[in-house]
Amino acid sequence: MSGPNTDYDPVEVTPLKADQVEAMREAALAAIADAPDLDALKQVRLDHAGDRSPIALANREIGALPPQARKEAGQRIGQARGAINQALAARQSVLEAEHEERMLVEETVDVSLPTTRRRRGSRHPLTLQSELIADLFVAMGYEVAEGPVVEAEWLNFDALNLGPDHPARTMQDTFWTEPAEDHVVLRTQTSPVQARTLLTRKPPIYVVCPGRVFRTDEYDATHSPMFHQVEGLVVDEGITMAHLKGTLDHFASQLFGDGISTRFRPSYFPFTEPSAEVDVLCFVCRNVDAESCRTCRGEGWIEWGGCGVVNPRVLVACGVDPEVYSGFAFGMGIDRSFMFRHDLEDLRPLFEGDVRFSSAFGTEI
Ligand code: DAH
């Protein structure tokens, strides 16, 4: 039952009284200011500005007021709600900023801390290339021979027909061990493995020997006192220069790509006769428009190594009958081959042990 239709005084509707509205607004502002984090603020928003908050409920009462009273009540509530919403928005952005800052601190990753994750190592690119070369010859029926890097002078020089006056024997090129009377050197080439093989095996001989060699060279972009060669030696009945050419063409095409052949230029090595320098067809320009090619520097061909028919004097020195047997030999720089296969202009990264360099060439096993 409705009461008498008296004049409706908004001040008398409790939730709309000024002090009540003020109290709601104060309570809301205090709760907002006290909200310690975004979750708490969410709850404060529900409690003080949500559909069921005292101020929202009071707002609903306005509709029941007579029109003339609505304005004042509406303003009062509206101002209070505005102040609450403003405070909520301000607090929200303060808390968000704090949150973000905290996350930045808490989630900071110290990239210098040691990790428990182990990087996969990678084998040295020259080791991989030496193995690739050895495999390629093993596939042709060769064996892989090895010799010591600290070598007898006789095997490094004399047995290979490098007489005592040969310039390569001077102190300039060779590391000698002390005392000098021991006649021991760091091998200057892999060729002594030829002599070692001939001395210890009977033909037919088909061997390759990849390995380290040493010369007293300055260390720079194209020289190193330690580098790598691969030696090849074949001694059998009826071996000719033609076998050598065919073998090196095959070697070149396997290492540098189909159709990459070699050319021989006459040369001199004491342990081979005749001897030749071997060039490999530039695998980048293939000698077509070579002028602009960076890899062969306009030559169309790239110097690769030396080779020849084994000098009968070497066979004799090692106890092999040159009337029955003949052979061929070759020696290539492994580092050089690697450099032009990979367009590397400075060989030093090959010897400086930076793991990033090695891993750039993959982890092949
Ligand atoms: N040992 C030679 C060098 O270091 C390279 C070489 C040339 C090896 C001719 C050979 C060969 O076996 O037949 O320069």
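Mentor: In this predicted model, Thr197 is in contact with Ala145, Ile205, Val207 and Leu233, once its neighbours within four places in sequence are left aside. Thr197 is found in helix α7, which covers residues 192-200.

Trainee: Why is Thr197 called buried?

Mentor: Buried means under 20% relative accessible area, and Thr197 has a relative accessibility of 4%, so Thr197 counts as buried.

Trainee: Which other residues of α7 are buried, and against which elements do the buried residues of α7 pack?

Mentor: Besides Thr197, the buried residues of α7 include Pro192, Val193, Gln194, Ala195 and Leu198. The buried residues of this helix pack against β2 (150-152), α6 (153-156), β4, β5, α9 (312-317) and β9.

Trainee: What makes Ile55 buried?

Mentor: The cut-off is again under 20%, and Ile55, at 3% relative accessibility, therefore counts as buried. Ile55 lies in helix α3 (residues 54-62) and, not counting residues up to four places away in sequence, touches Val21, Met24, His48, Ile77, Ala80, Arg81 and Ile84.

Trainee: How do you know whether Arg297 is buried or exposed?

Mentor: Exposed means over 50% relative accessible area, and because Arg297 has 64%, the residue is exposed. Arg297 lies in the loop between β7 and β8, and its C-alpha atom is separated by 9.6 Å from that of Cys282, 15 residues apart along the chain.

Trainee: What makes up the largest nonpolar core, and which residues have the most contacts inside it?

Mentor: The largest nonpolar core has 41 residues, and Phe251, Phe256, Trp304 and Phe330 have the most contacts inside it. At least two residues of this core come from each of α5, β5 (226-236), α8 (241-256), β7 (272-281), β8 (301-310), β9 (326-333) and α10 (334-341), and the largest share, six residues, comes from α8. Leaving aside neighbours within four places in sequence, Phe256 is in contact with Val280, Phe283, Trp304, Ser337, Phe340 and Arg341. Apart from this core lies another, of 23 residues, among them Ala159, Leu160, Val185 and Val314.

Trainee: How do the residues lining the second largest pocket divide?

Mentor: That lining divides into six nonpolar, five polar and four charged residues. The second largest pocket has a volume of about 290 Å³; of the 15 residues that line this pocket, the closest to its centre are Ser130, Glu146, Pro210, Gly211 and Arg212. The elements giving two or more residues to the lining are α5 (125-138) and β4 (205-214).

Key:
Residues are numbered from 1 along each chain as its sequence is written. This is a predicted model: local features need pLDDT of at least 70, side-chain atom pairs count only at pLDDT 80 or more; totals for chains, interfaces and linings use all residues. Side-chain values use heavy atoms; hydrogens and water are left out. On a 1 Å grid over the protein atoms alone, a cavity is a set of points where a 1.4 Å probe fits but cannot get out, and a pocket is an open set with protein on both sides within 12 Å along at least five of seven lines; lining residues have an atom within 4 Å of a point. Grid points are joined across faces, edges and corners, and a volume is the space filled by probe spheres set on the points. Helices (H or I, at least four residues) and strands (E, at least two) are DSSP runs, numbered from the N terminus. Ala, Val, Leu, Ile, Met, Phe, Trp, Tyr, Cys and Pro count as nonpolar, Asp, Glu, Lys and Arg as charged, and the others, Gly among them, as polar. A nonpolar core is a set of buried Ala, Val, Leu, Ile, Met, Phe, Trp, Tyr and Cys residues joined through side-chain atoms within 4.5 Å. Buried means under 20% relative accessible area, exposed over 50%, partly exposed in between (1.4 Å probe, protein chains only). Contact means heavy atoms within 4.5 Å.
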